[in-house]
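Hi,

Here is the structure I promised to pass on. Have a look at it first, and my notes on what turned up follow below.

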Amino acid sequence: MRRKHSDYMHWSKTQSRARFNLATSGVASFPFRELPVDLREIEINGDNSYGYAPLQEAIAVHHGVDPDCVIESAGTSMANHLAMAAIIETGDEILIEHPAYGPILDIAYYLGANVKRFRRAEENGWAIDPADVRRCVRPKTRLIVITNLHNPTSVLTPDSVLREIGDIARSVGALVLVDEVYLDAVYQNTPRTSFHLGPEFVVTSSLTKVYGVSGLRCGWILAQPDLAWKMRRLNDLYSATPVHPGELLSVAVFHNLDLLRERARRIVEADRKLLCDFLKQQSSLSAVSTEWGTTSFPRIPNGNADAFLDHLRSEFDTSAVPGRFFEMPDHFRIGMGVNTEMFAEGLSRIGRALVDK
Ligand SMILES: Cc1ncc(COP(=O)(O)O)c(C=O)c1O
């Protein structure tokens with residue numbers, strides 16, 4: 001039986017909430033009233049058979065790519081699904097990082113891929129080791145999949161490593177899928193999309209995580225024009241056309257991107273400072289820290305994160321994401337960028353829960 005669901009998504013939709021919710025990965029919602037948009041310009045229907053040209057143009061300008069390489073999708077979720085479904089055939093070998101964001105694996109299994117893994121080692125700061133990727137790649141490999149920033153750790157993979165991965169992929173005729181949904185949460189010297197690194201790169205992203213407008217479901221894929229066209233045709237099987245008012249609002253967001261990003265940045269940076277101080281004081285937790293991103297992935301040495309998180313929820317009304325959803329059951333994921341007061345209190349409650357663990 002093929003896997004036809006995502007345990008992580010289900011947990012996230014039904015069980016992740018608590019009064020002190022640190023189980024997030026995206027920033028606070030951007031208030032609609034603060035978006036400079038004239039509602040009289042919003043229309044219900046529009047010319048968007050294979051994408052709405054002004055939105056494709058805005059995405060293309062954002063990344064410095066040709067609009068022919070842009071495919072609209074419903075969030076990064078659908079972008080990942082479409083990209084993988086267009087690239088691989090049932091039984092094809094696909095190499096995915098470990099630990100991985102659960103739904104990426106779920107999609108691969110749903111598509112009937114032969115899933116292989118390469119490891120990001122915690123002792124190596126969760127970095128990708130190209131030598132390890134090279135060892136795992138085989139002539140049959142069709143696709144290598146990574147997230148950058150990495151979910152759950154927020155570790156950034158530099159272009160030098162991405163280039164090596166591109167070379168490895170090219171040597172066996174494979175492509176590299178890079179999910180960049182968190183990349184714009186590198187607030188200083190934001191890297192350019194890896195799409196520029198070579199024709200073997202396919203990129204997915206969206207406005208959902210870093211800009212606080214998840215409800216618009218504005219996502220996209222960057223792919224070479226022939227593959228892009230294949231993805232648009234495949235999307236005909238899933239959704240006839242995108243929601244046009246959402247496209248119009250997304251164009252308005254692109255026109256005001258810095259406003260949304262800066263608003264979130266202040267919260268993320270304040271939260272990160274609190275988290276750094278907190279982790280310094282916690283001898284019973286260890287975490288690779290980063291200067292960017294919206295998530296951190298502490299380990300409870302000799303601990304069972306599930307039992308700890310159950311206790312944290314029942315006694316302290318605080319939630320975080322169990323590491324088992326990233327195949328790392330002794331870890332848990334903390335999310336920043338929603339509300340600094342709530343975050344501070346959530347951390348304090350984690351600290352108290354660790355004491356009576
Ligand atoms: C790595 C990664 N990709 C994709 C998604 C889904 O993003 P979206 O809300 O844009 O569908 C998430 C959400 O948490 C994610 O962490």
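Predicted model: local features only at pLDDT ≥ 70, side-chain atom pairs only at ≥ 80, totals over all residues.

Let me start with helix H2 (residues 53–63), where the buried residues are Leu 55, Gln 56, Ala 58, Ile 59, Ala 60 and His 63. Buried here means under 20% relative accessible area, with exposed being over 50% and partly exposed in between (1.4 Å probe, protein chains only). Helices (H or I, at least four residues) and strands (E, at least two) are DSSP runs, numbered from the N terminus. The buried residues of H2 pack against strand E2 (70–74), E8, helix H7 (225–235) and helix H8 (244–255).

Residues are numbered from 1 along each chain as its sequence is written, and side-chain values use heavy atoms, with hydrogens and water left out.

Now the strands. E7 (residues 201–206) is mostly covered, with six of its six residues buried. Phe 201, Val 203 and Ser 205 point one way from E7, Val 202, Thr 204 and Ser 206 point the other way, and all are buried.

E7 pairs with strand E6 (residues 175–179) in the parallel sense over four bridges, and Val 176 has Phe 201 of E7 as its bridge partner. With strand E8 (residues 218–222), E7 pairs in the antiparallel sense, over four bridges; there Ser 206 is partnered by Gly 219 of E8. (Two strands pair if DSSP finds at least two bridges between them.)

There is also an open sheet of three strands, in the order E9-E12-E11, with antiparallel pairing. Strand E9 (295–296) and strand E11 (321–322) stand at its edges with a single partner strand each, so one side of each has no neighbour in the sheet. E9 and strand E12 (residues 332–335) pair over two bridges, and Ile 334 in E12 is the bridge partner of Ser 296.

On to helix packing. Axes are lines fitted to C-alpha atoms, for helices over the stretch in contact, and angles run from 0 to 180 degrees between N-to-C directions. The axes of H9 (residues 257–281) and H11 (residues 340–355) come within 9 Å and cross at roughly 20°. On the H9 side the contact (heavy atoms within 4.5 Å) includes Ile 267, Leu 274 and Phe 278, and on the H11 side Phe 343, Leu 347 and Gly 351 are among the residues involved.

H11 also meets H10 (residues 305–316), where the axes come within 10 Å and cross at roughly 115°. Here Phe 308, His 311, Leu 312 and Phe 316 of H10 meet Arg 349, Ile 350, Arg 352, Ala 353 and Leu 354 of H11.

Finally, H3 (residues 75–87) and H4 (residues 102–110) pack at about 35°, with axes 10 Å apart. Ser 77, Asn 80, His 81 and Met 84 of H3 make the contact with Ile 104, Ile 107, Ala 108 and Tyr 110 of H4.

Cheers
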